[in-house]
Amino acid sequence: MASIRKDITTRAAPEWVWDAIRDIGALHTRLVPGFVVDTRLEPGARVVTFGNGMVVREPIVTVDDDGRRLVWGAEGGSLTHYNGAVQVFAEGTGSRVVWTADFLPHEASAVVGPMIEAGMAAMKKALDGPGGSSTRSIST
């Protein structure tokens with residue numbers, strides 16, 4: 001099984017970052033616009049359309065508010081197994097976001113790795129963009 005772990009730092013407050021991550025239907029508008037172009041919610045899952053045209057159904061495993069951790073799977077595409085997790089940590093005056101993906105087949109690293117890199121770049125841009133500071137308000 002292959003495993004990839006990537007992280008970014010952002011000047012956005014952990015509470016704001018977590019609010020964006022836990023908003024599981026707003027990937028394309030709040031968290032990774034451009035990398036994801038549409039997100040549709042279904043009972044227990046979301047259907048994600050990526051900027052490259054790939055469509056994947058992602059069952060939501062857990063939304064852990066205490067640990068600021070989201071875990072999901074993936075159905076569709078060429079992977080036989082996918083487990084992803086994103087977790088937010090306080091880092092200085094901002095946050096560190098860690099994305100871990102475990103998947104099969106191992107050879108898919110050549111595709112999954114660059115996709116995670118692109119997703120993290122889009123996430124950093126969205127979180128650090130205009131208003132991406134620690135003063136952003138959280139919608140409740």
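Hairpins, sheet and pocket

Author: In the hairpin formed by E3 and E4, with four residues between the strands, glycine 53 has a positive phi near 95°. Keep in mind that this is a predicted model.

Reader: Which residue takes a positive phi in the hairpin of E4 and E5?

Author: Arginine 68 does, with a phi near 50°, and that hairpin also has four residues between its strands. Arginine 68 is not a glycine. Most residues other than glycine have a negative phi.

Reader: Back up a bit. How many strands form the sheet, and in what order?

Author: Seven strands form an open sheet, ordered E1-E7-E6-E5-E4-E3-E2, with antiparallel pairing. Strands E1 (2–10) and E2 (36–42) are at the edges with a single partner strand each, so one side of each has no neighbour in the sheet. On average, neighbouring strands are turned by 25° against each other, ignoring direction.

Reader: What holds paired strands together in general?

Author: Strands of a sheet pair through backbone hydrogen bonds, in a parallel or an antiparallel way.

Reader: How many bridges are there between E3 and E4?

Author: E3 and E4 pair over five bridges, in the antiparallel sense. Alanine 45 is opposite proline 59 of E4.

Reader: And how many join E4 to E5?

Author: Four bridges join E4 to E5, and the two run antiparallel. Threonine 62 has valine 71 of E5 as its bridge partner, while isoleucine 60 is partnered by tryptophan 72, also in E5.

Reader: How many residues of E5 are buried?

Author: Four of the five residues of E5 are buried, so E5 is largely enclosed by the rest of the structure.

Reader: Changing topic: which strands does H1 touch?

Author: H1 packs on the sheet and touches E1, E4, E5, E6 and E7. The direction of H1 makes about 160° with that of E6.

Reader: Is H1 largely enclosed or largely open?

Author: H1, residues 14–22, is largely enclosed by the rest of the structure, because seven of its nine residues are buried. Those are Pro14, Trp16, Val17, Trp18, Asp19, Ala20 and Ile21.

Reader: Which strands does H3 lie across?

Author: H3 lies across E1, E3 and E7, and runs at about 15° to E1.

Reader: What is in the loop between E7 and H3?

Author: Proline 105 lies in that loop, between strand E7 (94–104) and H3. The peptide bond joining leucine 104 and proline 105 is cis, with an omega of about -5°. Most peptide bonds are trans.

Reader: How do the lining residues divide into nonpolar, polar and charged?

Author: The lining of the largest pocket has 23 nonpolar residues, four polar and two charged.

Reader: Last one. Where does serine 78 lie?

Author: Serine 78 lies in the loop between E5 and E6. Serine 78 is exposed, because its relative accessible area is 65%, and exposed means over 50%. The C-alpha atoms of serine 78 and lysine 125 are 28 Å apart, and the two residues are 47 residues apart along the chain.

Technical notes:
Residues numbered from 1 in each chain as written. Predicted model: local features only at pLDDT ≥ 70, side-chain atom pairs only at ≥ 80, totals over all residues. Heavy atoms only, no water. Nonpolar A, V, L, I, M, F, W, Y, C, P; charged D, E, K, R; others polar. Buried < 20%, exposed > 50% of the residue type's maximum accessible area, 1.4 Å probe, protein only. Pairing = 2+ DSSP bridges. Axes fitted to C-alpha atoms, helices over the stretch in contact; angles between N-to-C directions. Contact = heavy atoms within 4.5 Å.
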